[in-house]
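Let's take a walk through this fold, starting with a strand and ending with some charged side chains. Have the viewer open as you read.

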Amino acid sequence: MLKILCFGDSITLGELDLEWGGWADRLKRHFFAQFSAQQTQDIGLYNLGIAGENTDGLVYRFETELKARHINGQQLIILFAYGANDIVIHKDKNIVPEAYFIRNLKHCIEIAQGVNAEIVLLGVLPISDRIEGQVNQHGKLRFDSDIQKYNVILNTLAQKMHCQFIDLYSIFSEAGNKEKYLSSDGLHPNAKGHELLYKNIKQQLEALVL
């Protein structure tokens, strides 16, 4: 049996996708349907997204969550989808500064690679132009320049630690008019956005599964 663990924040959790509960749950449904049709091996996907979480929270719980779900010898793929909450401005700086962001992810990747897991890092999504540089309804402030900076960090870290990287920022941008893929809060993808994420993440995962 192959297990896929999806760690992330409210975007991974699927918040504001009113159709299917987010990209991770769409993936779960896809792999279950393929297994039922005897087209793939048994794949168990776990949506471990927590609303509001950043990589400080990930470090706190990662090893416990991993031990609870992994059996030695099983094939394992782990997705990390972080950054949207790490970049939030707090007291004039990112709430999880660059050095700590790198340290947190590196720590978890090393633990995961210790059990021979395949690692996929997901890039940070763009936000709506309406909330860029503006305090939103939850009192949080984000800048597009920080999103791009943290995406460079993720890509560089993936190369150094031999992980996969999926540039979700570019996927949204290249699809044209990012606004149509974002919900009314300007941060979370809507159903169309989650469908776009699902299709691109699925393509990458199927290359690892096969």
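Why is strand β3 (residues 75–81) largely enclosed by the rest of the structure? Six of its seven residues are buried, so the strand ends up largely enclosed. Buried here means under 20% relative accessible area, exposed means over 50%, and partly exposed is in between (1.4 Å probe, protein chains only). Helices (H or I, at least four residues) and strands (E, at least two) are DSSP runs, numbered from the N terminus.

A quick word on the source: this is a predicted model, where local features need pLDDT of at least 70 and side-chain atom pairs count only at pLDDT 80 or more, while totals for chains, interfaces and linings use all residues. Residues are numbered from 1 along each chain as its sequence is written, and side-chain values use heavy atoms, with hydrogens and water left out.

Now look at who sits beside β3. Strand β1 (residues 2–8) pairs with β3 in the parallel sense over seven bridges, with Leu2 opposite Gln75. Strand β6 (residues 118–122) also pairs with β3 in the parallel sense, over four bridges, and there Leu79 stands opposite Val120. Two strands pair if DSSP finds at least two bridges between them.

On to the charges. The whole structure has twelve salt bridges, each a side-chain nitrogen of Lys or Arg within 4 Å of a carboxyl oxygen of Asp or Glu. In helix α3 (residues 55–69), Lys67 and Glu63 lie four residues apart, about one turn, and their side chains meet at 4.0 Å, N to O. Lys67 is exposed at 63%, whereas Glu63 is partly exposed at 39%.
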